[in-house]
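Please look through the structure shown below, and keep it in view while reading the report that follows.

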Amino acid sequence: MPLSRSLSMTSLSGVLPAWEEAELPVEDLLLFEVAWEVTNKVGGIYTVIQTKAKITVDEWGENYYMMGPYFEHNFKTQVEACEPPNPAIRKAMDALIHNGCQVHFGRWLIEGSPFVILFDIGSAAWNLDRWKGDLWETCRIGLPYHDREANDSLILGSLIAWFFKELTDQLGDKLNVIGHFHEWQAGPGVILSRSRKIPMATVFTTHATLLGRYLCAGNADFYNNLDKFDIDKEAGERQIYHRYCLERAAVHCAHVFTTVSQITAVEASHMLHRKPDVVTPNGLNVKKFSAMHEFQNLHSTSKARIQEFVRGHFYGHLDFNLEKTLFFFIAGRYEFSNKGADIFLESLSRLNYLLRVRNDMTVVVFFIMPAKTNNFNVESLKGQAVRKQLWDTAHTVKEKFGKKLYDALLKGQIPDMNSILDRDDFTIMKRAIYATQRHSLPPVTTHNMLDDSTDPILSNVRRIGLFNSRNDRVKIIFHPEFLSSTSPLLPMDYEDFVRGCNLGVFPSYYEPWGYTPGECTVMGIPSVTTNLSGFGCFMEEHVSDPAAYGVYIVDRRFRSPEESCKQLTQFMFSFCQQSLRQRIIQRNRTERLSDLLDWKYLGRFYIHARHLALNRAFPDKFKIDPMAPLKGFRYPRPYSVPPSPSASIHSTPHHSDVEDDDDDEPYDEDEEAERDRLNIKAPFVLATCPSGSSCSLSCL
């Protein structure tokens with residue numbers, strides 16, 4: 001059954017054109033996706049497999065299964081137990097159960113409701129020593145007894161390989177099996193399945209190399225020294241050599257090796273010594289609004305909620321105009337250097353100077369990064385209590401004022417404004433005003449930090465002197481906890497918070513993909529990323545002028561840290577100079593890019609990886625043209641944007657609430673969107689690292 005290698009897409013809301021592709025005969029196949037994060041939220045891989053589930057179920061139906069570890073609480077709260085529809089799967093599960101290993105089956109209650117097969121690691125732990133011996137005999141990798149995560153990954157991998165052996169014995173030649181394994185924790189499953197010659201096609205995806213993350217966290221000059229690292233020595237010094245060996249063995253055992261971005265492909269070719277066969281970018285489930293103004297309305301609503309929090313947090317120091325205030329944020333794991341918080345803080349210091357000298361805008365910056373705390377601090381809670389008290393006082397006086405005004409008008413009289421409020425009303429209002437007085441600066445952090453003196457963000461805030469004083473035009477709020485709608489301080493979900501902000505800033509040094517700027521894009525919020533993140537490289541490849549669409553890409557690959565810091569400062573200052581109308585136009589353009597990040601488009605890269613794996617595992621059954629290139633689309637510069645950016649962003653600062661009647665930039669959203677749709681360039685060949693070719697940073 002010949003398979004075309006050309007990559008195709010469905011038409012996404014009429015924006016991206018479609019072309020044809022030969023689909024896999026899914027009725028003759030079973031697809032299993034293996035990850036430690038199935039029903040188990042640990043990191044970004046959970047988001048990948050959860051959001052991708054729906055399009056995979058739409059394609060594969062009841063022939064698609066996810067596999068991972070069993071955790072009782074997760075199973076009870078996220079999974080609906082049921083019987084497997086395929087009798088061969090039931091028999092394979094029973095074979096493990098009859099040997100004392102617990103296996104659970106059900107539907108994961110997420111969009112798409114995929115089937116899940118979860119293996120109870122604790123019930124099979126008595127086999128650990130024997131399975132360690134099998135691993136040593138197979139590939140000479142030994143696991144230390146004290147590394148529980150590595151030991152658990154071996155137990156899970158052994159159970160999965162055992163399951164696949166039982167399943168393929170049951171199926172015979174009826175159905176072919178594809179196993180897609182994510183990250184090193186699933187690596188033992190690939191190694192053991194291949195070493196036992198189980199007849200199945202295998203795909204292994206690394207979302208970030210183990211050693212790469214460790215090296216970058218140690219402030220190594222990573223990308224300039226990729227070809228100079230002594231890999232074995234570096235892994236050994238960090239006591240992760242056994243994990244590195246599992247990852248590298250899985251990479252070389254799999255029929256197809258994939259990574260999530262071009263920058264990670266370069267990293268993997270040096271760290272793991274195999275060039276990826278396919279790059280599989282991470283997507284999201286994009287929900288399009290029927291009218292353009294709907295997501296703009298959501299922005300206004302969420303922004304108003306953030307403004308309420310800011311009113312409370314800065315009580316007594318609220319001497320800036322909230323209508324001339326922009327909200328920036330950075331969010332993610334607390335990896336100070338990897339996530340670019342270091343360069344961001346330095347740039348904020350410089351932005352503060354520029355705004356004090358040349359602009360009257362105020363910027364409130366949120367750091368949403370979980371750190372060790374023991375509770376909310378008293379000042380933050382007091383601020384919200386004072387704000388609520390002021391609101392209640394104003395509401396009481398307003399009700400009283402309104403009733404007297406209403407009675408006077410009914411009598412046909414113009415009320416005496418001096419008598420409409422009595423002495424008690426003025427007393428209440430004066431007491432409310434006195435309650436807002438404070439003798440300390442608004443706190444930089446919302447919580448009591450356990451390591452206040454050594455915390456990287458707070459230490460750098462002290463260094464640059466941004467303490468939320470009256471003279472500062474850049475205010476900082478460090479919220480060391482993930483957002484929740486049940487919080488007594490900032491009761492907002494992350495999605496609502498992002499929608500209410502004006503700019504997301506993610507100047508990462510090490511970011512294999514980067515979901516945070518992608519989430520901003522699909523919500524129509526401009527963002528800053530870098531050319532060392534997978535998302536930034538993807539946008540450079542697919543969009544002619546990313547900045548015009550609200551995606552600012554800082555060059556951290558070919559510029560020095562000082563030059564990158566200056567570039568980031570200029571991006572943020574230019575954004576502050578935009579008028580309200582320009583920001584609205586930019587949000588419309590940003591939201592238009594969401595089609596590029598939809599799994600309906602990016603899921604096709606996974607389809608191609610499966611094609612390739614089947615071809616290599618079963619060459620007599622599945623044919624593929626190895627010379628046909630992968631293809632993609634390229635967005636043009638927005639139709640209304642002039643060739644020079646000077647006409648788009650005014651050279652002289654002006655306020656966000658003032659609109660120029662003779663705005664240089666003519667704009668009609670519907671007309672521009674239609675023209676841009678027609679101007680999307682025909683499929684182009686995506687960058688790949690073909691076998692036998694050299695792959696370096698210069699090839700990107």
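## Two loop residues with positive phi

In this predicted model, S113 is placed in the loop that lies between β5 and β6. Its phi is positive, at about 45°, although S113 is not a glycine. With a relative accessible area of 27%, S113 falls in the partly exposed class, because that class covers residues between the 20% limit for buried and the 50% limit for exposed.

A second residue of this kind is Q239, which is likewise not a glycine and has a positive phi of about 60°. Q239 is found in the loop between α8 (231-237) and α9 (241-253), and with a relative accessible area of 64% it counts as exposed.

## An open sheet and the helices on it

Nine strands make up an open sheet with mixed pairing, and their order across the sheet is β4-β5-β6-β3-β2-β7-β8-β9-β10. The edges are formed by β4 (79-81) and β10 (278-279), each of which has a single partner strand, so one side of each is left without a neighbour in the sheet. Within the sheet, strand β2 (residues 29-34) pairs with strand β7 (residues 176-182) in the parallel sense, and six bridges join the two.

Helix α3 (residues 87-97) lies across β2, β3 (64-69), β5 (103-108) and β6 (115-119), and the helix runs at about 140° to β5. Helix α10 (residues 262-271) also packs on the sheet, where it touches β9 (256-259) and β10, and its direction makes about 125° with that of β9.

How many aromatic pairs does a search of the whole structure find? The search finds 33 of them. The rings of F618 and F622 form a tilted pair, in which the centres are 6.4 Å apart and the planes make an angle of 55°. F618 counts as buried at 14% relative accessibility, and F622 is buried as well, with a relative accessible area of 2%.

## Charges over rings

Two tyrosine rings have a charged side chain over the face. K52 lies over the face of Y606, at 4.6 Å from the ring centre, while R438 lies over the face of Y315, at 4.1 Å from the ring centre.

A disulfide is a covalent bond that joins the sulfur atoms of two cysteines. A search of the whole structure finds zero disulfides. C139 itself counts as partly exposed at 25% relative accessibility, whereas C537, at 11% relative accessibility, counts as buried.

Key
Residues numbered from 1 in each chain as written. Predicted model: local features only at pLDDT ≥ 70, side-chain atom pairs only at ≥ 80, totals over all residues. Heavy atoms only, no water. Phe/Tyr/Trp six-rings, centres within 6.5 Å; stacked < 30°, edge-to-face > 60°. Buried < 20%, exposed > 50% of the residue type's maximum accessible area, 1.4 Å probe, protein only. Lys NZ or Arg CZ within 6 Å of the ring centre and 35° of its normal. Pairing = 2+ DSSP bridges. Helix = DSSP H or I, 4+ residues; strand = E, 2+ residues; numbered from the N terminus. Contact = heavy atoms within 4.5 Å. Axes fitted to C-alpha atoms, helices over the stretch in contact; angles between N-to-C directions. Disulfide = S-S within 2.5 Å.
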